[in-house]
Structure formats: structure tokens, C-alpha cells
Amino acid sequence: GVFGFDSSGSMSKDDYADVVGELSGILDTFEAWDVHVVSCDTKAHVLGEYSSDNDDDITTMDLEAKGMGGTELSPIAEYAVEQYELGEEVNFCIIISDGYIPSDPLDNAFSDEMVNVVVVTRNGNPDLELQNAKVIKM
């Protein structure tokens with residue numbers, strides 16, 4: 001699957017702690033997993049592909065935020081769709097954000113071929129609703 005996180009200028013150290021915690025919790029849920037890790041401000045920055053088969057875990061992953069500029073998270077969903085179309089086994093796209101995001105471009109980029117979830121770390125947009133992804137507010 002694809003695990004993406006917001007690396008725009010509005011993200012705080014606490015938000016990044018939430019990113020690490022969420023990814024760790026997700027991976028602990030599965031016995032075996034393959035994940036593409038992507039940060040995104042207005043452009044997707046692929047940080048790596050990791051697998052439980054390679055003994056990867058949260059400590060071996062590059063989780064350094066790249067970008068730190070504006071906010072447009074649809075490139076993460078577009079990357080997930082692209083990987084799926086290339087034949088990768090991408091059955092989820094999970095994005096962690098502070099919630100200060102434009103929703104329409106992101107919502108329109110999701111594929112219904114996978115489970116799409118956006119986790120909002122703080123109340124950046126209390127009215128954030130997406131048609132093509134589940135929104136979870138922490």
C-alpha cells in the first residue's frame with residue numbers, strides 16, 4: 001500500500017510524532033506488509049519502499065519530511081493509483097495531515113480500487129469531508 005504524509009509548512013513536530021505513531025500502529029496490525037512511504041507538500045516525494053520480508057520496521061524507514069512548502073496532497077493519491085496501474089499490490093492509500101488541505105483535488109485523485117483513509121492530526125479543517133476516502137479525526 002501507500003502511506004503518505006503532509007510535509008507542508010503548517011505541520012508541527014507534534015504532527016510528525018503522530019505520523020510516526022500512526023504508521024507504526026498500522027504496520028503492527030499486519031503480520032506481513034509492503035508499503036511505499038511518501039511525503040508531500042505540493043509534490044510527492046517518495047521516501048522509500050519497505051517490506052516486512054526485508055525485516056524493515058519503523059526504525060529503518062526514511063520518514064524525513066521533504067518539501068515544507070504549500071499544501072496539495074492529491075499527488076499522494078495519484079502516486080498510489082500509478083503504482084496500482086503498474087501492477088503493484090496497492091490495496092490502501094493512507095494519508096496523515098494536519099487538516100489544512102484543499103479537499104476537491106485530493107478527493108478526485110483517489111481510486112475506488114483501494115481503501116482510502118485520511119487521518120487528520122488536529123482540527124485544521126473541522127468540516128473536512130471526502131466522498132472517496134474515510135476521514136478520521138484524532
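Are F5 and Y16 buried or exposed? Both are buried (under 20% relative accessible area, with exposed over 50% and partly exposed in between, using a 1.4 Å probe and protein chains only). This is a predicted model, where local features need pLDDT of at least 70, side-chain atom pairs count only at pLDDT 80 or more, and totals for chains, interfaces and linings use all residues. Residues are numbered from 1 along each chain as its sequence is written, and side-chain values use heavy atoms, leaving out hydrogens and water.

**View 1. The aromatic pair F5 and Y16.** There is one aromatic pair in the structure (ring centres of Phe, Tyr or Trp, the latter by its six-membered ring, within 6.5 Å; planes under 30 degrees apart are stacked, over 60 edge-to-face, the rest tilted). F5 and Y16 sit edge-to-face, 6.1 Å centre to centre with 85 degrees between the planes. The pair links distant parts of the chain, 11 residues apart: F5 in strand β1 and Y16 in helix α1 (DSSP runs numbered from the N terminus: H or I of at least four residues for helices, E of at least two for strands).

**View 2. S8 and its surroundings.** S8 lies in the loop between β1 (2-6) and α1 (13-29) and is buried, at 0% relative accessible area. Beyond neighbours within four places in sequence, S8 is in contact (heavy atoms within 4.5 Å) with Y16, C40, D41, M68, G69, G70 and T71.

**View 3. The salt bridge between K66 and D62.** The structure holds one salt bridge (a side-chain nitrogen of Lys or Arg within 4 Å of a carboxyl oxygen of Asp or Glu). The closest N and O atoms of K66 and D62 are 3.6 Å apart. K66 is partly exposed at 29%, and D62 is partly exposed at 27%.
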